[in-house]
Amino acid sequence: TTASRASDAREIYGAFLTQWMGKDGAPINVANTVERPTPENIAQYNECMSGGRGGDVHWSTSTTDADLNRALASLPRINLVDPKRWQAMDPGLLIAKGHSVDTAVSAGFAHGLMTLSAISFNEAHDTAMFGFSFVCGSLCGHGADVMFKKTSKGWVQSKQRCGGWMS
């Protein structure tokens, strides 16, 4: 249902971002739109869920931009950003202009953009997958797929690593 989808999105996105941001108090820019998973993403979800043994899980993608915005509206330190209007503060360019590496990287991270994909659920609705990317410049960013499992205590991020990239 719409209400349970929104509740699941709030819990999953909230848990992920709270963990990702840590306790340093710095705000984070998050794109106000979700990306739809591609067939390649779904293949990666299957690979991750099976622990590399292959498999064919049927995933349903149900979260929307509205679900994301509702889920993040109540979280502190989140700045929802239109990704079409966002501009990086590339650490490489700042270093080339004479800024120290520490200052340039801090500025890049402070102006970076987190983008989240729509959450996909398996048929049993006990596993959720989504992707994220954090970009802060041309050679500044990282991302991965993330798995959450539904437990008696709610949605919990799996310790299983699901691919990833770094620039």
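1. Let's start with a charged pair: Asp-82 and Arg-85 join their side chains in a salt bridge, 3.7 Å from N to O. That term is used for a side-chain nitrogen of Lys or Arg within 4 Å of a carboxyl oxygen of Asp or Glu. Side chains of opposite charge can pair when their charged atoms come close. Asp-82 is partly exposed at 29% relative accessible area, while Arg-85 is exposed at 71%. (Buried means under 20% relative accessible area, exposed over 50%, and partly exposed in between, with a 1.4 Å probe and protein chains only.)

2. Before going on, keep in mind that this is a predicted model, where local features need pLDDT of at least 70 and side-chain atom pairs count only at pLDDT 80 or more, while totals for chains, interfaces and linings use all residues. Residues are numbered from 1 along each chain as its sequence is written, and side-chain values use heavy atoms, with hydrogens and water left out.

3. How many salt bridges does the structure hold? There are three. One of them pairs Asp-67 with Arg-70, with the closest N and O atoms 2.8 Å apart. These two sit about one helical turn from each other, because they are three residues apart in helix α3 (residues 65–73). (Helices are DSSP runs of H or I, at least four residues, and strands are runs of E, at least two, numbered from the N terminus.) Asp-67 is buried at 1%, but Arg-70 is partly exposed at 43%.

4. Now look at Lys-150 and Asp-8, whose side chains form a salt bridge of 3.9 Å, N to O. This pair ties together distant parts of the chain: Lys-150 is in strand β7 (residues 140–151) and Asp-8 in helix α1, 142 residues apart. Lys-150 is partly exposed at 43%, and Asp-8 is buried at 7%.

5. Leaving out residues up to four places away in sequence, Asp-8 touches Phe-121, His-125, Lys-150 and Trp-155 (contact means heavy atoms within 4.5 Å). With Trp-155, the side chain of Asp-8 makes a polar contact of 3.0 Å. (That is a pair of N or O atoms within 3.5 Å; within protein, one must be able to donate a hydrogen and the other to accept it, and residues adjacent in sequence count only if both atoms are side-chain atoms.)

6. Finally, check Glu-11, also in helix α1, which covers residues 2–21. Which residue's backbone nitrogen lies 2.7 Å from a polar atom of the Glu-11 side chain? That would be Trp-155. Beyond its neighbours within four places in sequence, Glu-11 is in contact with Lys-153, Gly-154 and Trp-155. Glu-11 is partly exposed at 31%.
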